[in-house]
Amino acid sequence: MTTHHRTIDESYWIATTPETGYPAPDADLTADVAVIGGGIAGLCTAWDLVRAGLDVVVLEADRIAAGVSGYTTAKLSAAHGLIYADIEKKHGADDARLYALSQQEGVERTAALCAELGIDAELERSPAFTYLQDPARVDELRQEAAAARRAGLDASFVTETGLPFHVAGAVRVEDQLQFHPRKFLLALAENITRAGGRVFERTRVTGLHDGARCRLTTEAGITVEARDTVIATHYPIFDRTLLFTRIKPHRELVIAAPVPSDAAPAGMYITPEGGTRSLRSAPYDDGRRLLIVTGESFEPGAGGVRERFDRLDTWAREHLPHFAEKGEAYRWAAQDNDSADRLPYVGHAHPGTQHVFVATGFGGWGMSNGVMAGRLLTAHITGGPRPAWTDLYDPRRLPPVKDVGTLASYQASAAKHFVGDRLHTSHVDSLTDIPPGSGAVVRVDGKRCAVYRDESGQATAVSARCTHLGCLVQFNDADRVWECPCHGSRFGTDGSVLHGPATRPLEPRETPDTPGAADTPGTPA
């Protein structure tokens, strides 16, 4: 990104909150419920369960609220783009109404929690807009506004917004929220522990036995026994759910910079045009707000990430006065999972289980869905009254006939990478073709290796085969990580797991530059 300011390659939410230091367990554990994952879905579920009187342990592979929930744009809204007309068409008006009701309740429950627990999460009420600039698509907006109103939202079609550029029209939904997600989640974790819950970090779960009591095993050899288990790892880490055939990951880039307060558009905005553009602002300092711009939706491993950042930066400078003129700027990336029918999967993980639950497929709207999932999963586990939308989100549901084509495309996309990537001899011809500070997949002694060269030219080689289901990883040139294009796992250049569903690191490989590096026989990449 070509700029005249200091760029901070970190999420603003993480950069402005303290690091956490919850321990890893040093002995085996027992609990009523084990929650795998310390993001918004996991922590909201843990809080609701603790408040219901259950003994709960949260098991986070890295640091809480430092994964997907720490890299969001933090819109807490029931306005999810052009969705209500689509749900109404595919699922019916009743399901559209239940979707709106559950999402708006997630908004209001967050506000109520902040008030009840005294959490300063920089909550701001704001209208949410879905806009289009193409006049030929105005009818879509009118239909969406009408469907959202029928679903119970305070929605209207408008032609005037707070944006500093012309739009053909927009759907405006009143009374939504934006907030600082890390301030909310770190405070929620503190309240969980005060109420008797236990939070563990650097505790990667690698095994799950499902029975009358669940038995979990961790990377460090710890065993956790619990009556019920919640998999809240964004992308489910255990494949017996078969949800990997019904969800598809995508990434979006985020840039943020302070602007004068009067230059920050009032409201939250999103458009599906141009590879998605989304923006909102947040409190920053006296006389300024942080303008947060998101876009450039793409599949993990698609490559060209630096160029995508440049396009997003150029768009922001052309459309938003004073953006990134001076001072610091932040940039990061978000990852989300789309379901084939645009509805999340929250409930029993598969038809054969009574004690394993899952929350995934939030489609870019994890804040409201994470809060919603907490209430719904708690109702399942405690046997309390279940929300009216329980069946809407059931992971065991069959896809509507109209979504079979989308489902098939998800599976075809994964198959394309699994098979097609292997038809290429290598992604570069030799190790010498990899410039310093970059990475590529190359054959070494007949095995496909993912090779990264640091700035000094030193090479680090690992297996190019993702440890989840075996797709070949690709290099992200902005974050300098390896990404799986099939299901979204991410790995450090040393092969360490950064993001699931993979739970095991990429195996080290030997190259001419790394004499003596460990190689594992019998496991060709």
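Predicted model: local features only at pLDDT ≥ 70, side-chain atom pairs only at ≥ 80, totals over all residues.

Visitor: Let's start with H4. At what angle does it pack against H8?
Guide: Helix H4, residues 93-117, and helix H8, residues 366-382, pack at an angle of about 95°, and their axes are 8 Å apart. The two helices are therefore roughly perpendicular to each other, since angles from 65 to 115 degrees are put in that class.

Visitor: And which residues make that contact?
Guide: On the H4 side they are Tyr-99, Ser-102, Gln-103, Glu-105, Gly-106, Arg-109 and Thr-110, while H8 contributes Ser-368, Asn-369, Val-371, Met-372 and Arg-375. Sorted by class, the residues of this contact are three nonpolar, six polar and three charged.

Visitor: What about H3 against H4, how do those two sit?
Guide: Helix H3, residues 84-91, packs with H4 at an angle of about 140°, with the axes 7 Å apart. H3 and H4 are therefore oblique to each other, and H3 passes H4 in a right-handed crossing.

Visitor: Which side chains or backbones meet there, residue by residue?
Guide: From H3, Tyr-84, Ile-87, Glu-88 and His-91 meet Ala-93, Asp-95, Ala-96, Tyr-99 and Ala-100 of H4. The classes in this contact are six nonpolar, one polar and two charged residues. Tyr-99 of H4 is listed here, and Tyr-99 is also listed in the contact of H4 with H8.

Visitor: Which residues make the H2 contact, and how do they divide by class?
Guide: Trp-47, Asp-48 and Arg-51 of H2 make the contact with Arg-109, Leu-113, Glu-116 and Leu-117 of H4. By class, the contact of H2 with H4 has three nonpolar, no polar and four charged residues. Arg-109 takes part here, and Arg-109 also belongs to the contact of H4 with H8.

Visitor: Which hand does it have, and where do the two cysteines lie?
Guide: The torsion about the S-S bond of Cys-471 and Cys-486 is about -95°, so the disulfide is left-handed. Cys-471 lies in the loop between strand E21 (459-463) and E22, and Cys-486 lies in the loop between E23 and strand E24 (490-491), so the pair, 15 residues apart, links distant parts of the chain.

Visitor: What sheet do E22, E23 and E24 belong to?
Guide: They belong to an open sheet of four strands in the order E22-E23-E24-E25, with antiparallel pairing. Its edge strands are E22 (474-476) and E25 (497-499), each of which pairs on one side only. E22 and strand E23, residues 481-483, pair in the antiparallel sense over three bridges, and the bridge partner of Phe-475 is Trp-482 in E23.

Visitor: And E21, what sheet is that in?
Guide: E21 is in an open sheet of three strands, ordered E19-E20-E21, with antiparallel pairing. Strand E19 (438-444) and E21 stand at the edges with a single partner strand each, so one side of each is left without a neighbour in the sheet. On average, neighbouring strands of this sheet are turned by 30° against each other, direction ignored.

Visitor: How many bridges join E20 and E21?
Guide: Strand E20, residues 447-453, and E21 pair in the antiparallel sense over five bridges, and the bridge partner of Ala-450 is Val-462 in E21.

Terms used
Residues numbered from 1 in each chain as written. Heavy atoms only, no water. Axes fitted to C-alpha atoms, helices over the stretch in contact; angles between N-to-C directions. Parallel < 35°, antiparallel > 145°, perpendicular 65-115°, else oblique. Contact = heavy atoms within 4.5 Å. Nonpolar A, V, L, I, M, F, W, Y, C, P; charged D, E, K, R; others polar. Pairing = 2+ DSSP bridges. Left-handed = near helix turned anticlockwise from the far one by under 90°. Disulfide = S-S within 2.5 Å.
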